[in-house]
Amino acid sequence: MQGIGAYPGTRDFLFKDYARLEYIFNTWRRVCKKFGYDEYIIPLLEFAELYKAKSGDELGSKQLYEFIDKGGREVAIRPEATPSITRAISRFYKQAPKPFRVFSILNFMRYERPQSGRMREFWQLNVDIFGEDNVLSDIQIISIALETILAFGPSQNSFRFYINSRNLMEQVFKALGLDFSHYKPVLQFIDRFGKLDSNEFKNQLVSLRQNLSLSKNTTDFLEKLYSISFEKLSFKEVVSQVPVFAKVDAIFELQQVFVHLSKDSAYAPFVYFNPTIVRGLDYYDGIVFEAFDTSPSNRRALLGGGRYNTLGHLFGIDSMSAVGFGKGNYTLEAFLDNWNLWPKDLEKSGVTIFVPILKGMKYSDYTVLVRSNEFTKALEKQGVAIDSLHVVLGTKEMGVTQALRFAAKRGYDFILFYGTEEATHGTINIKKL
Ligand code: HAM
């Protein structure tokens with residue numbers, strides 16, 4: 001097995017790397033629990049069909065880790081949580097009181113080219129509400145998405161949160177006279193805007209216009225969207241620059257979202273209306289959003305989500321309203337690096353006491369000792385609460401000098417000596433290092 005490295009696009013998390021990941025998970029979990037969301041776990045493996053139907057060409061096919069199991073079934077490693085949690089909730093959706101507020105922190109696999117911010121295995125927070133179609137539930141999900149970034153203490157210009165609506169885009173397409181069968185390729189083109197320079201944009205627009213016989217109205221609209229710097233404009237300003245928005249109903253829902261979010265001064269500096277955010281996944285059908293680090297070195301999204309009321313159809317439920325988001329660990333880690341947001345004492349979680357095995361003693365003398373009331377009392381005298389204490393028991397016999405040197409090198413806070421003499425007199429000798 002010599003020379004076998006980790007599988008491309010996967011990573012081991014040990015020590016400092018693990019501490020960073022744990023800090024992220026703890027922060028996410030704290031926010032979700034604070035807002036009353038329940039944690040869940042879904043299986044690692046699903047029938048491949050689950051993703052093929054609605055996750056889009058990328059996730060549902062090109063990026064899917066799929067194989068035939070020993071029983072001849074077509075299965076896939078989960079690339080996302082949304083289809084699985086929708087399936088799980090659909091089993092009791094009709095009978096149970098709604099809404100369901102749920103979250104998970106799990107790993108996923110996608111066959112992508114490993115690059116900055118993109119790995120084949122990554123960890124993702126998913127937060128969703130099922131059974132509530134009111135715009136206030138979209139607002140709640142967006143506010144929790146914001147809270148999961150704000151909890152890391154970012155500064156005002158460090159990230160932007162872009163909001164749009166698939167409904168709005170579809171109503172605009174209709175108003176522009178676009179053929180329904182062309183909605184998807186046009187949305188896919190808009191989804192690529194961020195990656196295209198102006199020449200690429202022009203070339204792709206020309207070929208799209210020819211292939212789909214797009215009207216001048218539609219190409220003008222696309223050119224306008226491509227040309228605007230949405231991060232410089234307020235909601236109202238965008239609507240005044242793209243007048244077709246004011247002509248369709250869906251703009252009112254979006255307006256409500258901005259009215260609520262802009263009234264909270266913690267959220268207001270970060271939220272923007274950006275109609276080029278349409279999301280790559282097929283199942284979205286309402287409000288959609290993504291957040292980005294403003295640092296150019298961290299270009300991929302910090303998080304993304306939206307409403308997907310029709311995904312429940314896959315499981316035989318006509319109206320199963322749902323809205324949520326997913327947020328990965330890698331772009332967030334880069335964000336925390338860029339803006340210097342990691343806590344200083346990340347690896348140090350609590351007070352540590354080293355308990356060396358002294359000559360003439362048995363291992364069981366120490367397991368009995370650390371369970372005893374005398375041990376708790378001796379620590380209390382040092383001002384240390386037992387709950388926050390890490391007891392590092394030695395794994396080889398040591399002399400006192402050797403133990404002191406070892407403990408100092410490791411940066412432990414205390415050392416406890418319990419040798420034959422202490423055992424005879426019933427004393428415990430604790431030293432602060
Ligand atoms: P997504 O946009 O595919 O949405 O992923 C959401 C987030 O997961 C991304 O913004 C990114 O932070 C992270 N992510 C995705 N793929 C990778 C990768 N290959 N490497 C590293 N990080 C990655 C979804 O997955 C939807 N299911 C989210 C959702 C939940 N929508 C509603 N509820």
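Is Ser-213 buried or exposed? Ser-213 is exposed, because its relative accessible area is 62% and exposed means over 50%. The model discussed here is predicted. The protein chain has 433 residues, of which buried residues make up 49%.

**Overall layout**

- The protein chain contains 16 helices and 15 strands.
- Taken along the principal axes, a box of roughly 95 × 55 × 50 Å holds the C-alpha atoms of the protein chain.
- The chain is divided into three parts: domain 1 (9–158 + 294–348), domain 2 (162–276) and domain 3 (351–432).
- Between the C-alpha centres of domain 1 and domain 3 there is a distance of 43 Å.

**The ligand and its surroundings**

- The side chain of Tyr-284 has an N or O atom 2.6 Å from a nitrogen atom of the ligand.
- The side chain of Arg-279 places an N or O atom 2.9 Å from an oxygen atom of the ligand.
- At Ala-301 the backbone takes part instead, with an N or O atom 3.3 Å from an oxygen atom of the ligand.
- The ligand taken alone exposes 660 Å², and the protein buries 97% of that area.

**The largest nonpolar core**

- In soluble globular proteins, nonpolar side chains tend to be buried together.
- The largest nonpolar core here has 107 residues.
- The members that touch the most other members are Phe-130, Phe-161, Ile-163, Phe-221, Phe-245, Phe-273 and Phe-289.
- Helix 5 (residues 135–150) gives the most to this core, namely eight residues.
- Domain 1 (9–158 + 294–348) and domain 2 (162–276) each contribute at least three residues to this core.

**Two buried residues**

- Ser-158 sits in the loop between helix 5 and strand 7 (159–165).
- Ser-158 counts as buried because its relative accessible area is 0%, and the cut-off for buried is under 20%.
- The side chain of Ser-158 reaches the backbone oxygen of Ser-155 at a distance of 2.6 Å.
- Tyr-366 belongs to helix 13 (residues 363–371).
- With a relative accessibility of 0%, Tyr-366 is also buried.
- Tyr-366 and Val-355 are eleven residues apart in sequence, and their C-alpha atoms are 7.9 Å apart in space.

**An exposed loop residue**

- Ser-265 lies in the loop between helix 11 (250–262) and strand 8 (271–273).
- The relative accessible area of Ser-265 is 64%, so this residue is exposed.
- Ser-265 and Ser-116 are 149 residues apart along the chain, and 32 Å separates their C-alpha atoms.

**Backbone features**

- The peptide bond that joins Lys-98 and Pro-99 is cis, with omega at about 0 degrees.
- Pro-99 is part of the loop between helix 4 (82–90) and strand 5 (100–109).
- Phe-15 has a positive phi, near 50 degrees, and is a residue other than glycine.
- Phe-15 lies in helix 1 (residues 15–34).
- Phe-15 is exposed, with a relative accessible area of 68%.
- Ser-213, the residue of the opening question, is not a glycine either, yet has a positive phi of about 45 degrees.
- Ser-213 is placed in the loop between helix 8 (198–212) and helix 9 (216–227).

Conventions
Residues numbered from 1 in each chain as written. Predicted model: local features only at pLDDT ≥ 70, side-chain atom pairs only at ≥ 80, totals over all residues. Heavy atoms only, no water. Polar contact = N/O pair within 3.5 Å; in protein donor to acceptor, adjacent residues only side chain to side chain. Areas by Shrake-Rupley, 256 points an atom, 1.4 Å probe, with all protein chains shown as cover. Core = buried A, V, L, I, M, F, W, Y, C linked by side-chain atoms within 4.5 Å. Buried < 20%, exposed > 50% of the residue type's maximum accessible area, 1.4 Å probe, protein only. Helix = DSSP H or I, 4+ residues; strand = E, 2+ residues; numbered from the N terminus. Domains from an automatic or database assignment.
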